[in-house]
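Have a look at the model first, then read on.

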Amino acid sequence: MIPALRLGTAWARLCGLMDEAAETFVRTSFSSVVRDNWDMAVGLMDSAGRQVAQSSRSVPSFVGTMPRTLAVMLRRYPPHTLAPGDVLISNDGYHGTGHLNDITMIKPLFRPGEGNGRIAAWIGSTFHCTDIGGAPSVEARDAWEEGLTIPVAKILRRGEENEDVVGFLEANLRQPDEALGDIRAQFAMYDQAEPRLFRILEEEGIAELDALAAEIFARSERAMRSAIAAVPDGEVTDEVTADGFEHPVTIRLRVAIRGEDITLDFRGTDPQIARPVNSPLNFSRAYSHYAVKCAFDPQTPNNDGSFRPITLIAPEGSIVNPRRPAPVWGRHLTGHYLPMLVLAALGKLIPERVIAESGGPLWNVYFTGEQPDGRRFVRMFFMNGGHGAAASHDGPSCLSFPSNVATQPVEQFENAAPMLITEKALIPGSGGDGERRGGLGQRIGFQVVGAKPVIATYRHERVQHPPRGLLGGGAGRGGRDLVNGTQVAAKARIVLAPGDTITFETPGGGGFGDPARRSAEDRARDAAEGYTA
């Protein structure tokens, strides 16, 4: 057994190493989606592929799916077929993070001097690739229409790039230099992190990462089980309605606590549909687990041990566990509801530890077109809604949840596309009323200023069914999409002519608690600071 002080120090150093690795990736990346939005993750796994540590700004779904992606990779390349310098790659939505735009790469780490000996650990990373070929479309009826699937392959062989993999990426992507720039930035990150990992272990007097990992897993599991056991046994249910496409979609949940174990049961949820909103099991599991972690044990860094007390039931063929080849490009339009649904159900048991619904699923838009010199561009812009309120505080405005992507600077976007951002402002009164007020949504407008048309592709939720309040709190204001001031469909691929302006109004967060209990002082401050209409 590793002494507690040494364990704490070594654990903190591993988390610090992952943060350092993430900074290397971000600072050497080519794309705005990594450099500015931080739509990425870096994770460390033990020799068995179990999550030990990750960068603190990692996207929750990415760190939750990475170990399962590795397990699939090892079916194609068992450990004995791997050598120092190899790096595996794939973006299969059903084996990875849920859609093709997220590329996962994982590198085996061998102890220095052991050659092709036993793998001591794995370092992995995932990033969002804005263009993955094909045409991002809300009309896709199966997964084959959604772009390029990268089968499990070696993108590095003993440190040398696999020209076949690089070649099919170059042939399928509109901006291959950007995607390959991000991929090569991760190679640099691995090369930096690998020797530092073994130096940390040596300096801490720990022979193998597996020994340290076992202690971390055991302590994290105990912490989670203790937190669950402190809540009385019982069952609670809840359901949420998503806007969907032609028809709304209902997601149903039963949460059962028995001693130190918790079960999340999605039986009764609507079946998968032939639209790109189906959430593969990996993605659904990651975000469901994330909510339990937030509610019961938010302080302990994420790792495999934290999630051992959780059982998830998601019927195959449902919208939260679709069968291939159901389309999944917009899987977050379902998956991002799950943590809010879990928290809403738990609010009936532990209201002091949850938040009302936020203005997600995450809003974004893809713009594609031609620069004045004929070069193609693909640019994505994230837009956050209001955060849900909690028992202890109002909800922040325009804060990403349940994802945690950052906001891209306006000037950087305008420099990369022939478009002008005409407005970016909070929407007064958009947060739900309550003893604690929900965060505000935002209004942001984009005008085509070039001489050529631009295609805008977007898919947004919470237009027909706004974010719910909790325990008497009011709902946040629903979102809207407008072209030249006229409201349009919330999921569409449209052509914007030169001079057209498309405007997005993101949803406000739900309020928490009875509005009658909000103090006169708080209401006066709301009015003075422009939070109320």
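**Pockets and cavities at a glance**

In the largest pocket, α7 gives the largest share of the lining, with 3 residues. Keep in mind that this is a predicted model.

**The largest pocket**
- This pocket holds about 520 Å³ of space.
- Its lining is made of 22 residues, and those nearest the centre are Ser56, Tyr290, Pro298, Asn302 and Asn404.
- Along with α7, both α1 (4-28) and α3 supply at least two lining residues each.
- Sorted by class, the lining has 10 nonpolar, 10 polar and 2 charged residues.

**The second largest pocket**
- Here the volume is about 370 Å³.
- There are 21 lining residues, with Val63, Gly64, Pro67, Arg68 and Phe307 nearest the centre.
- Two or more lining residues come from each of β2 (51-54), α3 and α7.
- The largest share belongs to α3, which brings 8 residues.
- By class, you get 10 nonpolar, 7 polar and 4 charged residues.

**The cavities**
- Searching the whole structure turns up 7 cavities of 30 Å³ or more.
- The largest cavity has about 160 Å³ of space.
- It is lined by 20 residues, and Asp39, His128, Arg331, Leu362 and Phe382 are the closest to its centre.

Conventions
Residues are numbered from 1 along each chain as its sequence is written. This is a predicted model: local features need pLDDT of at least 70, side-chain atom pairs count only at pLDDT 80 or more; totals for chains, interfaces and linings use all residues. Side-chain values use heavy atoms; hydrogens and water are left out. On a 1 Å grid over the protein atoms alone, a cavity is a set of points where a 1.4 Å probe fits but cannot get out, and a pocket is an open set with protein on both sides within 12 Å along at least five of seven lines; lining residues have an atom within 4 Å of a point. Grid points are joined across faces, edges and corners, and a volume is the space filled by probe spheres set on the points. Helices (H or I, at least four residues) and strands (E, at least two) are DSSP runs, numbered from the N terminus. Ala, Val, Leu, Ile, Met, Phe, Trp, Tyr, Cys and Pro count as nonpolar, Asp, Glu, Lys and Arg as charged, and the others, Gly among them, as polar.
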